[in-house]
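Subject: Structure handover

Hello,

I am passing a structure on to you, followed by notes on what was found in it. Please look it over before reading further.

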Amino acid sequence: MAVTLLSFVYLALFLTLPPLLLGVVNRVKSLFAGRQGPPLWQLYADLRRLARKGAVYSRTTTWVFRAGPVVGLAAVATAGLLMAFGGAPAALSFGGDFVLFAYLLGLARFATVLAALDTGSAFEGMGGAREVTFSSLAEPALFLCLVTLARATGSISLSGMLGPALPDAWGHAAPALLLAAIALFVVALAENSRIPVDDPNTHLELTMIHEVMVLDHSGPDLALILYGASLKLFLFGALFVRLALGVRTGGLAGVAVFLAGMLGFAVLVGLVESIMARLRLVRVPQLLVGASVLSAFGLVLLLR
Amino acid sequence: MSAWTEMVFILLVVFDFFLLASSRLKAVIRAAAAQGALLSVLPLLLATDKAEIGHVLALSIGALVVKGVVIPWLLMWAIREASIRREVEPIVGFIPSLLLCAVGVALAFAFSSAMPLPTPEKHGFLVPTALSTVWTGLLLVVSRRKAVSQVIGFLVLENGVFLFGLLLSDFMPAMVEAGVLLDLFAAVFVMGIVMFDINREFSSLDTEKLSALKD
Amino acid sequence: MSLLLVILGIVLAAASGLLALAFHRNPAAAQRVACAALVTAAALAIAGALSVLALGHAAEFHAQWSPPGASLALRLDALSALFLLPIFGVPAAGSVYGLAYFPQAARGGQARRLQIFYGLVTGAMALVAVAANAMLFLVAWEVMALCGFLLVLTEHEKKAAQRAAFVYLAATHVGTLALFALFSLLGSAAGSFDFARMAAAGLAPGAGTFALMLLGFGLKAGLMPFHFWLPGAHAAAPSHVSAVMSGVLLKTGIYGILRVSGLFASPPLWWGLVLLALGCASAVLGVAFALAQHDLKRLLAYHSVENVGIIAMGVGLALVGRAIGDPALVLLGFGGAGLHVVNHALFKSLLFLGAGAVDHACGTREIDLLGGLARRMPLTAGLFLVAAVAISGLPPLNGFVSEWLVYLGSLRALSSASPFVAWAAIAAPVLALVGGLAAACFAKVFGTVFLGVPRSGHGASAHEAARAMLGPMALLAAACAFIGLFPAAVVPALGRAAAAWAELTPAALAVPGRSAAASAGAITASAALLLLVAGAIAAWRYRRTRGAAESETWGCGFARPTARMQYTGSSFAEMLTLRFGWAFFPNARVEPPRGPFPKHASFSSHVPDTVLDVAIVPVWRITAWGAGWVRTLHRGQVQGQALLVCLTLIALLVWRFLWW
């Protein structure tokens, strides 16, 4: 019973904290640049404002455009039900659930790309093309990480892979898990359109990926998209933090460790964004294939 | 102790990947230097009771100085003088060569245990790491256009040979290792002279232009 | 009883086109009769197949037949029943679709011929699936292949159809030749051509058997190096024929691999690993070639190569499971492959029917000339989108379920202690790559064809498809949704088919079957949650955005955008196709703009099939040239013939001295 209660606590955190996570990232970047920066809860205010605003739709668009943000958010939120936050059992867990997890994120992406193409704008088509290119190269890296994790822990559900078996796995398969964690961090940056793959603050449509796809969304739709993007970052953060920290904790102490880890993740992302420049688009595949190769090397170490 | 050794081997392979994936020559030279420096730790970590401490120390310090400092410094100086920064348009692209390297590494780690060796293995990762590094060096030499990249390839190749040498270091006289290092040193030296000649002649460092010199 | 239903179905289906000939005075009625006969046949046979799948009892029939070694042996087990579902379902849907798409009243003799061979190919495919004697199997196989040839040649006045049909004919006959050799080997080793006797004889699984099996059935299934006939044939045939060819005809190759590998008690480990590797290559390269296509139907045809690759991965895993004696791996690998056979038949035929509707409405299949059809053909667009999501393997539709089973199989192999078996887990990241690329490709297709604004005059006059075309499409989409939402309902049937194939007792499969069914139930739960959350968000959004303003698409400051400025499908896929540059040999024609006021500039590119156009055709051209030269020597004067004899003699002598 305590376990189910715990997963509900985590679900509540998952639904409420993500905008704060982005606030922390932005605060770190501001501090690095010597600015004061926006308040930590800026995104909450943005979401509230956008939700109340009206929307404007292009005459070119159809229902696909309107369905994009809805499906995108719903798929990411459902994926959250499968995530074993902080190593506590997920709300919904079964063998091979991580495949569903990854494919739900894929569904969200598919819906977003189609909504972008529905506007008939060359810029949004460009963004969609980049998004599908980079994500389909990131997908094998993600699966190699998860397969490494499955082999190391002997479990094929997220709750088992990230659960109590993970600390033991760090004992006997540390190098492989370390490589997987590094690769996973790269995947998290790429999937969430952060530097060095995409610059969330850029102002030139030609260089954007995620931002350019949602150019035509406004009002409540944009709120759904922004919220969904923050949930996705939170999910990848939770996966990375649990994999990297892999400590044996439970109950409230586990929640505290998890939150501290997420804070660390946000600071890390902020740091990367402060000290790195965005890669040229042609170099991004190199980075993603490199991440795949690293995690594949981890898997090879486990399989020999 | 063993966990650290393992980590060193894994880092060596990670440097292999980086060497093939990066196009910036400075970063590649630094990675090669770091790999060389990391190699110099291994004789100490792998030393058995039978080994003479003087021999091991000489090997380690020799590797550190030559592979980690002198040759990289020479290469850095060379690219500064020739003012080249990037490997553009390699013969085999960065991603294909990285994937080829990954396949080689996977095969090396999967099948090296089946290889007949003259001496008992000191560490399970020694032979596959050596094979991977040799493979990386070969790939660099074959797939890159710039003369500097090829010298780096030779350097990495030599790193792999050095790793193989560690397998035998209890038996191998230091002279052999010194001879190999000397070869490499000579190679860098010759390449340096050749590079400057080509650079002065054609204001470019493509090895493909070397064939124009044959008359 | 079940077998009787299937036999009735086969006879009725095969005769459906001939029945219609009786009504040749009234073409519309004739077509409706043929269609009704095929639908009835399908209903009968599917009922029979379903009863076998539900109960797991096999039915047999045996009669004498005069040719040596042959007997009229039929056997309907769960494996055959699984394949009978798409074999009858897709042609039935296609023939209803044909009422509006290929009306006999307008097409005359072409439609009449198509009708005859459409029914005949259905009957032949079904006979292949139930034949229990090698000779009978080969006869049915050959009838099926010839019907396929004639169906591709339906629009025989078109050059592309002629070329595609003859390439197909050559390919399929090479395959049949390999099958003759294969069954002769097996038959002489077992002393009988009956499959039951062969299975009982305890045949030794050799490398030659495997190679012949791979060549013979791989050519039909379209596995990667043997796929070359497929894109042309599928693109040249009418759409409801392409649906049958791609959705069902290819699967007879998979069926053959399963049936023949099922004859061996324990196939060696390397069979499974080789098939897995071929499947991986097929899947990745198939989808890569698909990304580079600009003809809608050619693109879909390459996706068949990809999906056959996924099926082969599942079969490979199942074979590995048999080799190491792991019933759970057999169940998951076979379950994934078997379900993907059915799923691919559903969504691929839906896609081909949708492509046919687009072609019918716009008169072109060039993706980059289309656009904005979702406004003019909303129902077609919606149904096409269902199939696009399903084929990309995205939840909550059926493609996800079968790919998920293959994933589970590869993870099962991962937990094996043997390093060779554990390497099979590489299937998981490969499948992830394929899934990502397939989603990219269908974002390209759906986005370019149905979204945005029309790129040329072709789409401007488009109209919604006729009801007879939409009906079967809706039925296929509903089947996709059903399997996707309730996968637990199909797991037991897959278990029975796996048991029939691997000769396992139901008890051996009970435990893995239960756990797979439980996980499948969890998929239903998460799909329901997904729909619930989406519904709630949609309701909230709907209240918030009622009466929203409308405007132009934001053009980043450019005031006068035109339809031609939209991103095209080719540019959408370019970044990805660049990654596969090593496998493509594109023909590009570039006329760059010149001068300060350029008048004309153009760019066109086409990616031909590497195996067919870069390897096979040039080699054959050289061979034909050499043969022609030898022939002139033959036919020429005495001197020429003497020269030939002389040259042969010298060649023989050289060979004798150097290599003897």
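**A hairpin in chain C**

In chain C, strand S1 (residues 59-64) is joined by six bridges to strand S2 (residues 71-76), and the two run antiparallel. One pair in this arrangement is His62(C) with its bridge partner Ala73(C) in S2(C). S1(C) and S2(C) form a hairpin with six residues between them. In the turn, Gly69(C) has a positive phi of about 80°.

Please keep in mind that this is a predicted model. The predictor gives the complex an ipTM of 0.96 and a pTM of 0.93.

**Chain C as a whole**

Chain C has 26 helices and five strands. Its C-alpha trace spans about 80 × 75 × 65 Å along the principal axes. A compact globule of 660 residues would have a radius of gyration near 26 Å, and chain C, at 26 Å, agrees with that. Of the 660 residues in chain C, 57% are buried. Among the contacts in chain C with a separation of 6 or more, 79% are between residues 24 or more positions apart. The mean pLDDT of chain C is 91, with 100% of its residues at 70 or more.

The largest nonpolar core has 438 residues. Ala126(C), Ala387(C) and Ala427(C) are the residues with the most contacts inside this core. Helix H14 (residues 327-362) of chain C supplies the largest share of the core, 21 residues. As general background, nonpolar side chains in soluble globular proteins tend to be buried together.

What does Ala387(C) touch, not counting residues up to four places away in sequence? With that exclusion, Ala387(C) touches Phe347(C), Leu350(C), Leu351(C), Gly354(C), Ala477(C) and Cys480(C).

Helix H24 (residues 569-579) of chain C has these buried residues: Gly569(C), Ser570(C), Phe572(C), Ala573(C), Met575(C), Leu576(C) and Thr577(C). Their cover includes helix H12 (269-291) and helix H19 (427-450) of chain C, together with H6 of chain A.

**Chain A**

Chain A has 13 helices and one strand. Read along the sequence, its pattern is α-α-α-β-α-α-α-α-α-α-α-α-α-α. The C-alpha trace of chain A spans about 55 × 45 × 40 Å along its principal axes. For 304 residues, a compact globule would have a radius of gyration near 19 Å; chain A has 19 Å, which agrees. Buried residues make up 67% of the 304 residues in chain A. Of the contacts in chain A between residues at least 6 apart in sequence, 79% join residues at least 24 apart.

Val247(A) sits in the loop between H11 and helix H12 (251-275) of chain A. Is Val247(A) buried or partly exposed? Val247(A) is partly exposed, because 15 other C-beta atoms lie within 10 Å, and a buried residue needs 20 or more. Leaving out residues up to four places away in sequence, Val247(A) touches Pro167(A) and Val257(A). From Val247(A) to Ser295(A) there are 48 residues in sequence and 21 Å in space, C-alpha to C-alpha.

**Where chains A and C meet**

The contact takes 67 residues from chain A and 66 residues from chain C. On the side of chain A that touches chain C, the elements giving two or more residues are strand S1 (56-58), helix H4 (63-82), helix H5 (97-118), helix H6 (122-153), helix H11 (219-245) and helix H13 (284-303). H6(A) gives the most to this side, with 19 residues. By class, this side of chain A has 40 nonpolar, 18 polar and nine charged residues.

The two chains also pair through strands: S1(A) is joined by three bridges to strand S3 (residues 549-551) of chain C, and the two run parallel. Within this pairing, the bridge partner of Tyr57(A) is Glu550(C) in S3(C).

**Confidence in chain B**

Chain B has an average pLDDT of 79, and 74% of its residues score at least 70. Where in chain B is confidence lowest, and where is it highest? Confidence is lowest in helix H8 (residues 174-202) of chain B, at a mean of 64, and highest in helix H2 (residues 25-39) of chain B, at 92. Where pLDDT is low, the predicted coordinates should not be read in detail.

Regards

Key:
Residues are numbered from 1 along each chain as its sequence is written. Chains are lettered from A and ligands numbered from 1 in the order in which they are written. Two residues are in contact if their C-beta atoms, placed from the backbone, lie within 7 Å. Helices (H or I, at least four residues) and strands (E, at least two) are DSSP runs, numbered from the N terminus. Ala, Val, Leu, Ile, Met, Phe, Trp, Tyr, Cys and Pro count as nonpolar, Asp, Glu, Lys and Arg as charged, and the others, Gly among them, as polar. Two strands pair if DSSP finds at least two bridges between them. A residue is buried if 20 or more other C-beta atoms lie within 10 Å of its own, exposed if 12 or fewer, and partly exposed in between; C-beta atoms are placed from the backbone. pLDDT is the predictor's confidence in each residue, from 0 to 100. A nonpolar core is a set of buried Ala, Val, Leu, Ile, Met, Phe, Trp, Tyr and Cys residues joined through C-beta atoms within 7 Å. The radius of gyration is taken over C-alpha atoms; the globule rule is 2.2 Å times the number of residues to the power 0.38.
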